[in-house]
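Let's walk through this protein together, one stop at a time. Keep the sequence and the 3D view open as you read.

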Amino acid sequence: MPSNEEFAIVCDRVVEGEAVLYCTRDEPAEDGDSGWQFLCGNDHSTGAEEAHLVRLSELVEARDELRDIAELAVGAVLERGSDIHAWQRVDLEESAEGSFSCAACGEEHGELPMDFGIDHPASYYDTEEFPTDRWKIDPDYATYGEGEHHFVRGVLEIPVLDGPGPFCYGIWVSASDKSFRAIRTTELPDEHTLGGPFFGWVQSELPFYPSVLGLKAHTWARGGNLRPLIQLEPTGHPLAVEHRCGITMARVHELVARMTGDEND
Ligand SMILES: [Zn+2]
Ligand SMILES: [Zn+2]
């Protein structure tokens, strides 16, 4: 935990409660300086916003999505497009081949799988309740019966705080008739623009977590032919905590090893 005396710099908009979208940890300038700046993501070179000193411990108490980030070493720089997008490290060097030097094992690797997907909604596998011939299903959308239930496949991003990008779960969420239609037809200019949110419940189970079926979620349509982003309600569920606060490459290694059944990886 950060000590009580450590301070961080935040900008006006963050003081006012706006989301932190940019974090950088520089060499501390003096005693008590953590080196951290947590900023709103706007251009601060215009001088339109002022810098404020806040206690690091109070900041991470109020915004627990910064809790694990605050533990990163000097040199760390992270950003995200909005508080729905996952944090990305922008200081980590990626080689031309797309590999990077892994903080967990020290190896160069680009081959480590960074996603795990589930092909169908959970109820599809319950063939007694939901006979297979009553489904209309493709890789992105599913409807049961005459529209009794709709499901959308989306991406749940887990920020990797010492790695090159998020770890992604491809899972299903439920959608109302109206949301289902809107998610499928919303036209967005590019991959950075989001449409929504559309309320739903998680309709997949993930191994290695307590049951995630029925967790409340917001589905955000995305442009650029990308699957929607899934944002979990900010609860204490271990998956929701990882989604909000992030994980390390050590955890990615653990997840990948368990998914591939190779515990010695
Ligand atoms: Zn700002
Ligand atoms: Zn590694």
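Predicted model: local features only at pLDDT ≥ 70, side-chain atom pairs only at ≥ 80, totals over all residues.

Start in a loop: N225 sits in the one between β15 and β16. (Names like these come from DSSP runs, numbered from the N terminus: helices are H or I runs of at least four residues, strands are E runs of at least two.) The phi angle of N225 is near 60°, a positive value in a residue that isn't glycine. Is N225 buried or exposed? It counts as exposed, because there are 7 C-beta neighbours inside 10 Å.

Residues are numbered from 1 along each chain as its sequence is written, and chains are lettered from A and ligands numbered from 1 in the order in which they are written.

Now hop to another loop, the one between β14 and β15 (216-222), where you'll find F208. F208 is not a glycine either, and its phi is positive, near 75°. With 11 C-beta neighbours inside 10 Å, F208 counts as exposed. Strand β14 itself (residues 194-201) holds P197, and a cis peptide bond with omega of about 10° joins P197 to G196.

Let's zoom out. The protein is divided into domain 1 (7-79) and domain 2 (115-259); these bounds come from an automatic or database domain assignment. Their centres, taken over C-alpha atoms, are 30 Å apart. Six residues of domain 1 are in contact with four of domain 2, where contact means that the two C-beta atoms, placed from the backbone, lie within 7 Å. On the domain 1 side of that meeting place there are two nonpolar, no polar and four charged residues. (Ala, Val, Leu, Ile, Met, Phe, Trp, Tyr, Cys and Pro count as nonpolar, Asp, Glu, Lys and Arg as charged, and the others, Gly among them, as polar.)

What about the inside? The largest nonpolar core has 55 residues, and F38 and V173 have the most contacts inside it. Such a core is a set of buried Ala, Val, Leu, Ile, Met, Phe, Trp, Tyr and Cys residues joined through C-beta atoms within 7 Å. Strand β13 (residues 167-175) gives the most to this core, with seven residues. Both domain 1 and domain 2 contribute residues, so the core lies between them. As for V173, its contacts beyond four places in sequence include F151, W201, A217 and I230.

Two strands pair if DSSP finds at least two bridges between them. Strands of a sheet pair through backbone hydrogen bonds, either parallel or antiparallel. Here, β1 (residues 7-11) and β3 (residues 33-39) are parallel, over three bridges, and V10 has F38 as its bridge partner in β3. Strand β2 (residues 22-25) and β3 run antiparallel over four bridges, and C23 also has F38 as its partner in β3. Two bridges join β6 to the antiparallel strand β5 (residues 77-79), with L78 opposite R89.

Finally, the helices. In α5 (residues 249-259), M249, V252 and L255 are buried. These buried residues fall within an arc of 115° seen down the axis (using the directions from the helix axis to the C-beta atoms), so they line one face of the helix. They pack against β13. After α5 comes G261, with a positive phi near 75°. Helix α4 (residues 238-245) has L239, A240, E242, H243 and R244 as its buried residues, which pack against β12 and β16 (229-232). G246 follows α4, with a positive phi near 95°.

Note on methods:
Buried ≥ 20, exposed ≤ 12 C-beta atoms within 10 Å, placed from the backbone.
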